[in-house]
Amino acid sequence: MLENSQREQLLDRLGLPVTGRRLVLDAAKYAPVRQVRSKGGGNVITPYRSCKMQGTVETESRHFEFPAAVSHEYDPDVLEYYPQPCRLKFEVIDTDGEIHQIDHTPDFLVIRERVVVLEERKPWSKLEGLARRYPWRYQLGPDGTWYAPLIEAWLADRGIGYRIYTERDIPQRRIENVLLLEDYLHPAAPPCPVNVAQDIHAALAEDAVLYLAELYEKLDCRPDDVFKLIADGLLVSDIDVAPLEEPHRCRVFRDTAVREFEHARLRPVPRAIPGIVDIRVGARVVYDQQPYTVVMVGGSKAVLQSDDGNSVEVAIDTLEKLAFKQDLTTADTGSNQLEPIRLSDFTEEELRTALSRQGTLESVTKPNRTQRRHLKALAIAKLTGTDELVALVPRLRHRGNRLPRLSEAQEAAMQHVIREHYLTSAAPNAQHTHEQLKVLCAERDIATPSYPTLIARIKAVAQQTADRARHGNRVAYKNSEFVQVLYADTRYMARASCSTCTWTIRSWTSSSLRSRPENVWAVLGYPWRLMPLPVASSVSI
């Protein structure tokens, strides 16, 4: 909870107008402006003891306001939150020019580091009824969020935001789990041992997804250690979906990408391109409700065999036409189910790319060439019985020959001749260095890398390092980057040519500037050589 002076400084920094500033300060002083009450409609008054607000926060509903209070309590971005903060009474004019009276008490005033927002919590079904009765006040946006444009505009003039939330914005399961983790969220809670945390992350790096029961059995770790990692944000869990107290239902993940990937598997996969049929030896197809097995595939014809042993030869073009008309389909057999692919085989970036591709395919109407390729991958995955979402994972790192052309011994030999021969005061050329490499490789009985390969390794050495080793510090300074102006974020030694200029040094202390500004300059004369200046020095040129 902020002190009065801190709150006023925050409002000054946000630049709230006088009217908005007065509203916030009055809310901090007088909230709640009315007592919470049960209206007989099923709402339950639920008090919550808040450490952040240093008191008890009274909420009018257990399923709407109470979850909001718990969420604000453990949101690091929320500095303060006040229930029933103020009573808004004003007039608005709708698009038809009709005047309406607003008499409204928001549920919360939330003060964050960068914004001040008034919040209203209502059930989705109730908002639908209010939108039918007062269409000028409540509107459902295309993103599925409820808005009150007239109230938002009135508060925006005062520098305050306005948001409407429903039960869909805060999962009830998350609130139950947060309440379970309250003891672990306390600053005085003992941390998880470092070795236990390392073992847990190593296990998830291997399996990517584990149920808490599997984790407890595999590592013999305590639930207190796991809950502390979850409370500190060091372990990703199903906190919005499954109860933490049921280890056979709650899972932990390697990272957030794996969690999103697992949740995306529950959603329907985008449609595949119609007319995709797998024609290969051993594949099963169906034509006119009769199953066939592909026993031979040629350049222009294929041989299909029925279950009774009769074979038929069909042109590939004919099969393509039948497949396009969907008269020829793939037989649905469970015998071609492959071993499921482990998510730990993919990086976080690859999984996020697959999720992004899935989201794009869900809304595409006219797929381009890349999207058609992704849809074809989905169809092939369905035919082969593999995970259809995994088919969207990029496989760039599996393309081409990924084995290094040079062995470790060859790399070590090149680094040795560069260090012992090229980076010396004798300053031999690259051709001489390659001759020395041939001699060394012959002694070690390894193949000699090519001359262009050695040139590439030499160019990889920093220019300033090579100049200093081969030609000395003076040449290294001379060939380094010339800096015209020194800035505060300059990260290297600055070099300035000063043969014809005079230097003056000025102290950075503000006290000397205030006392005798005419005495902070001193003429040093003409320097006789280049001087490197560290950026952190307290002088300026």
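**Figure 1. Overview of the chain.** The predicted model has a chain of 541 residues, of which 37% are buried. Its secondary structure comprises 20 helices and 20 strands. Of the contacts with a separation of 6 or more, 58% are between residues 24 or more positions apart.

**Figure 2. Aromatic pair of Tyr-134 and Trp-136.** The two rings form an edge-to-face pair, with 6.2 Å from centre to centre and 75° between the planes. Tyr-134 has a relative accessibility of 30% and is therefore partly exposed. Trp-136 has a relative accessible area of 18%, so this residue counts as buried.

**Figure 3. Aromatic pair of Tyr-184 and Phe-227.** The ring centres of Tyr-184 and Phe-227 are 5.7 Å apart and the planes stand at 75°, which makes this pair edge-to-face. Tyr-184 belongs to helix α7 (residues 182-185) and Phe-227 to helix α10 (residues 223-231), so the pair ties together parts that are 43 residues apart in sequence. Tyr-184 is buried, at 18% relative accessibility. Phe-227 is also buried, with a relative accessible area of 9%.

**Figure 4. Packing of helix α15 with helix α16.** Helix α15 (residues 408-422) packs with α16 at an angle of about 135°, and the axes are 9 Å apart. Because of this angle, α15 is oblique to α16. The two helices cross in a right-handed sense. On the α15 side the contact involves Ala-409, Ala-412, Ala-413, Met-414, His-416, Val-417, His-421 and Tyr-422. These meet Ala-430, Thr-433, Gln-436, Leu-437, Leu-440, Cys-441 and Arg-444 of α16. By residue class, the contact of α15 with α16 has ten nonpolar, four polar and one charged.

**Figure 5. Crossing of helix α16 and helix α17.** The axes of α16 (residues 430-444) and α17 (residues 451-459) come within 10 Å and cross at roughly 115°. At this angle α16 is roughly perpendicular to α17. The crossing of α16 with α17 is right-handed. Helix α16 contributes Ala-430, Gln-431, Thr-433, His-434 and Leu-437 to the contact, and α17 contributes Tyr-451, Leu-454, Ile-455 and Ile-458. Six of the contact residues are nonpolar and three are polar, with no charged residue. Ala-430, Thr-433 and Leu-437 of α16 take part in this contact and are also among the residues of α16 that meet α15.

**Figure 6. Cis peptide bond between Ala-31 and Pro-32.** Most residues other than glycine have a negative phi, and most peptide bonds are trans. The bond joining Ala-31 and Pro-32 is cis, with omega about 0°. Pro-32 is located in the loop that runs between α2 (18-30) and β1 (46-50).

**Figure 7. Positive phi at Gln-54 and Gln-84.** Gln-54 is not a glycine, yet its phi is positive, at about 55°. This residue is in the loop between β1 and β2 (55-59). Gln-84, likewise a residue other than glycine, has a positive phi near 40°. Its loop lies between β3 (78-83) and β4 (88-93). Are these residues buried or exposed? Gln-54 is exposed, because its relative accessibility is 60% and the cut-off for exposed is over 50%. Gln-84 is buried, because its relative accessibility is 0% and the cut-off for buried is under 20%.

**Figure 8. Surroundings of Ile-151.** Ile-151 is part of helix α5 (residues 149-156). With a relative accessibility of 1%, Ile-151 counts as buried. Apart from neighbours within four places in sequence, Ile-151 has contacts with Phe-90, Ile-102, Arg-137 and Tyr-162. Tyr-138 is 13 residues from Ile-151 along the chain, and the C-alpha atoms of the two are separated by 9.6 Å.

Definitions and conventions. Residues numbered from 1 in each chain as written. Predicted model: local features only at pLDDT ≥ 70, side-chain atom pairs only at ≥ 80, totals over all residues. Heavy atoms only, no water. Axes fitted to C-alpha atoms, helices over the stretch in contact; angles between N-to-C directions. Helix = DSSP H or I, 4+ residues; strand = E, 2+ residues; numbered from the N terminus. Parallel < 35°, antiparallel > 145°, perpendicular 65-115°, else oblique. Left-handed = near helix turned anticlockwise from the far one by under 90°. Contact = heavy atoms within 4.5 Å. Nonpolar A, V, L, I, M, F, W, Y, C, P; charged D, E, K, R; others polar. Buried < 20%, exposed > 50% of the residue type's maximum accessible area, 1.4 Å probe, protein only. Phe/Tyr/Trp six-rings, centres within 6.5 Å; stacked < 30°, edge-to-face > 60°.
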